[in-house]
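These entries record what I looked up on helix packing and ring contacts. The sequence and structure come first.

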Amino acid sequence: MAKKTDLDQRTALPDEWTFLLHEYPREVWAGHVNLGPLMQFWLERHNGFRALGRTLNETLHRFREGKMQAQQFGPFFGSRLQQFLSELHHHHMIEDHHYFPVFMAAEKRLVGGFELLEGDHELIHHRIETTVGSANKLFRELQTGDRDRILRAADAYAETSDVLISGLMRHLDDEEDLIVPLVLDRGEAALGVM
C-alpha cells in the first residue's frame with residue numbers, strides 16, 4: 001500500500017514539514033529580501049528542468065503524431081535528453097552532498113523532509129536509468145527505418161519518460177516548498193550557502 005509520502009501518490013509535503021511555507025508562501029518569494037543570488041539561480045535551474053521536460057514531451061508527441069521526421073527527431077531529441085538527464089543527475093548530487101546536509105543541520109524539524117527528498121533522488125536516479133534504456137532502444141529502432149517498430153519503441157519510451165517527468169515535477173515543487181521558506185527565514189549568509 002502506498003504511503004502519502006510516496007512520490008507518485010503525494011500532492012504536497014506533509015503538514016509537519018510546511019510550517020515555514022505557511023509563513024513564507026510562494027506569493028512572497030520573488031520580492032523577499034532573503035531570496036539571494038544562490039536561491040534565484042537554484043529556482044532558475046528548476047524552471048529549466050521544467051521547460052526542458054516540456055520540450056522533450058512536446059517533441060516526442062510531435063514525432064509520434066507524424067509531425068516530425070525521424071532524421072530530425074533523433075538528433076534534436078537525443079541531445080536535449082542527454083542534457084536533461086546529465087544535468088539532473090549532477091544537480092541532485094550537489095543537493096545531496098552539499099546543500100541538504102547544511103539545511104538539515106540548520107533546522108532539525110525538517111530532517112524528515114530532506115530525507116524524503118533524498119529518497120526521491122534515489123528513485124528518480126533509477127527512473128533515469130530506465131529512461132536511458134528505453135531511449136537507447138528507441139534510438140536503435142530509429143536506425144531500422146521500420147515505422148511500426150519505431151512507434152512501438154516511442155510508445156514504450158513515452159511510458160517510462162512520463163513516470164520520470166511527472167515524479168520529477170512533483171519533487172521539484174516539494175523541494176522548493178521545503179527549501180525556499182527556510183532560506184527566506186534565515187538568509188543565505190546565515191545558512192552558509194552563499
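Over the ring of which residue does the charged end of Arg-147 sit? I found the charged end of Arg-147 over the ring of Phe-63, 5.1 Å from its centre. The criterion is NZ of Lys or CZ of Arg within 6 Å of the ring centre and within 35 degrees of the ring normal. I also noted Arg-80 over the face of Phe-76, at 3.5 Å from the ring centre.

The model is predicted, so I kept its limits in view: local features need pLDDT of at least 70, side-chain atom pairs count only at pLDDT 80 or more, and totals for chains, interfaces and linings use all residues. Residues are numbered from 1 along each chain as its sequence is written, and side-chain values use heavy atoms, with hydrogens and water left out.

I next looked up aromatic pairs (ring centres of Phe, Tyr and Trp, the last by its six-membered ring, within 6.5 Å; planes under 30 degrees apart are stacked, over 60 edge-to-face, the rest tilted). The count comes to eight. Phe-49 and Phe-84 pair edge-to-face, with 6.2 Å centre to centre and 80° between the planes. Phe-49 lies in helix 3 and Phe-84 in helix 4 (residues 70-106), so this pair ties together parts 35 residues apart in sequence. Helices are DSSP runs of H or I, at least four residues, numbered from the N terminus. Both Phe-49 and Phe-84 are buried, that is, under 20% relative accessible area with a 1.4 Å probe, protein chains only.

Definitions and conventions
Helix = DSSP H or I, 4+ residues; strand = E, 2+ residues; numbered from the N terminus. Buried < 20%, exposed > 50% of the residue type's maximum accessible area, 1.4 Å probe, protein only.
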